[in-house]
Amino acid sequence: MSMVGKKYRVGLVGCGHIASSHLRGWRQARGSSVCGVFDLNRDLAVELATRFGIPMVFQSLEELLESCDVVDICTPPQTHAGILTRVLEAGRLPVIEKPVVVDLADWAALGSKIQADGVELAVAHHLKFTRSFQRCKRWLHEGRIGRVLRIDWHFLTSRETDRMLTGERHWSRELPGGRWFETLPHNLYGIHYLCGAMELSSVTALRTIEAPPGAPADEVVVVLERAGTIATLHFSANCRLNQRKVTLIGSTGVITIDILSDFSWLSRSRDSKMRRPFGRSLTESAEAMIAMIADRPMYLLDRLRRRSPHARFIAAADRSFRGAGPPPTPFEEIDYVTRYCHRIGSEIDRQIRECRPESTF
Ligand SMILES: NC(=O)c1ccc[n+]([C@@H]2O[C@H](COP(=O)([O-])OP(=O)(O)OC[C@H]3O[C@@H](n4cnc5c(N)ncnc54)[C@H](O)[C@@H]3O)[C@@H](O)[C@H]2O)c1
């Protein structure tokens with residue numbers, strides 16, 4: 001593999017919204033350096049290259065493949081299988097945004113090739129690299145909330161804040177399950193990271209009169225279960241609160257993760273008659289406040305240093321290419337997420353198509 005100045009040469013494909021987060025990450029990676037970018041929209045590629053001081057704007061994917069050791073794929077999911085196939089055929093190291101593929105048949109072929117060739121596929125499952133999830137994982141490992149009984153994940157969004165729900169032609173509309181397929185990998189690998197692979201139990205998909213074209217099922221609940229733990233994923237396209245919140249209820253405590261603030265806190269307060277006059281919420285708010293005072297300076301420092309979860313993911317991929325760390329995303333995790341995204345997305349589509357005419361709610 002050609003390396004200049006002992007650094008891997010990275011080429012980034014797809015210069016849209018998420019590309020800047022990747023480029024900021026590569027800037028901090030010790031063993032890799034971005035040598036060029038490519039986008040079907042050349043103006044976007046030129047603008048991004050100028051902003052980040054990247055020397056090369058490639059004319060084609062072939063040109064990029066010839067010049068690079070690592071290919072970072074930041075294009076829409078529908079294009080991933082085709083681009084990833086060419087990256088693997090060229091023997092380059094792939095880094096790719098989630099969802100890895102849209103079609104399960106593509107994954108069957110790609111997954112087999114990846115395993116047969118012993119290739120390391122780094123998928124941008126970046127929640128694993130957030131402070132809040134890492135801290136939650138540590139608390140679970142230490143048994144701080146006892147046995148995990150429930151995981152409740154709320155993804156509450158609306159047209160007001162979600163660019164994928166507005167406009168006429170966003171690519172997420174063509175995904176199985178619409179907009180939810182784009183975010184499902186986060187939920188599934190988040191759960192897999194915290195508690196292991198869970199089985200799909202049920203999907204309930206409603207289409208209300210408010211349903212935006214980007215989410216034909218605008219109210220969805222997915223239930224998963226494993227060894228005495230039940231997880232629910234709640235998706236709403238009608239909630240202006242714009243929340244991404246995970247609650248893990250254990251036999252002796254509760255962990256809450258506010259994803260957008262990258263903040264998690266632990267509550268172990270039990271009911272008692274003495275506490276009732278003050279209200280349980282007061283004790284829990286005090287616990288959250290104390291945790292926040294300790295946590296926020298670190299959060300702000302990370303932001304100042306631009307140590308985003310994406311940057312940490314890319315640093316982990318860079319270390320693993322150099323043999324200095326494990327792969328950021330094990331194959332088993334990618335396989336689980338990809339298969340379940342497809343199952344859930346297809347089931348949402350099936351219910352909307354066959355079972356549930358537009359509700360009058
Ligand atoms: N991890 C996260 O938090 C996160 C957040 C946003 C997006 N994403 C993922 O990142 C990927 C890209 O999303 P986005 O929001 O940046 O999309 P986007 O539409 O903003 O940008 C995609 C870019 O890819 C280009 N493109 C399309 N097909 C191409 C091809 N065949 N070759 C070269 N360029 C091509 C488009 O011209 C566009 O500039 C998606 O898989 C999405 O799910 C992840």
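**View 1. An open sheet of 7 strands, in the order E8-E9-E10-E7-E11-E12-E13.** Pairing here is mixed, with two strands counted as paired if DSSP finds at least two bridges between them. Strands (E, at least two residues) and helices (H or I, at least four) are DSSP runs, numbered from the N terminus. Strands E8 (199-206) and E13 (263-267) sit at the edges, each pairing on one side only. From one strand to the next, the twist averages 10°; angles run from 0 to 180 degrees between N-to-C directions, with axes fitted to C-alpha atoms, for helices over the stretch in contact. This is a predicted model, where local features need pLDDT of at least 70, side-chain atom pairs count only at pLDDT 80 or more, and totals for chains, interfaces and linings use all residues. Residues are numbered from 1 along each chain as its sequence is written.

**View 2. Strand E7 and its two partners.** E7 runs antiparallel to E11 (residues 243-250), joined by 8 bridges, and Ile-151 has Leu-248 in E11 as its bridge partner. With E10, E7 runs parallel through 7 bridges. Look for Phe-155 opposite Phe-235 in E10.

**View 3. The E12-E13 end of the sheet.** E12 (residues 254-258) and E13 run antiparallel, with 5 bridges between them. Ile-255 finds its bridge partner in Leu-266 of E13.

**View 4. Helices H7 and H10 against the strands.** Packed on the sheet, H7 (residues 179-195) touches E7 (148-156), E9 (219-226) and E10 (229-236); contact means C-beta atoms, placed from the backbone, within 7 Å. The direction of H7 makes about 155° with that of E7. H10 (residues 331-355) lies across E8 and E9, at about 35° to E8.

Terms used: Two residues are in contact if their C-beta atoms, placed from the backbone, lie within 7 Å.
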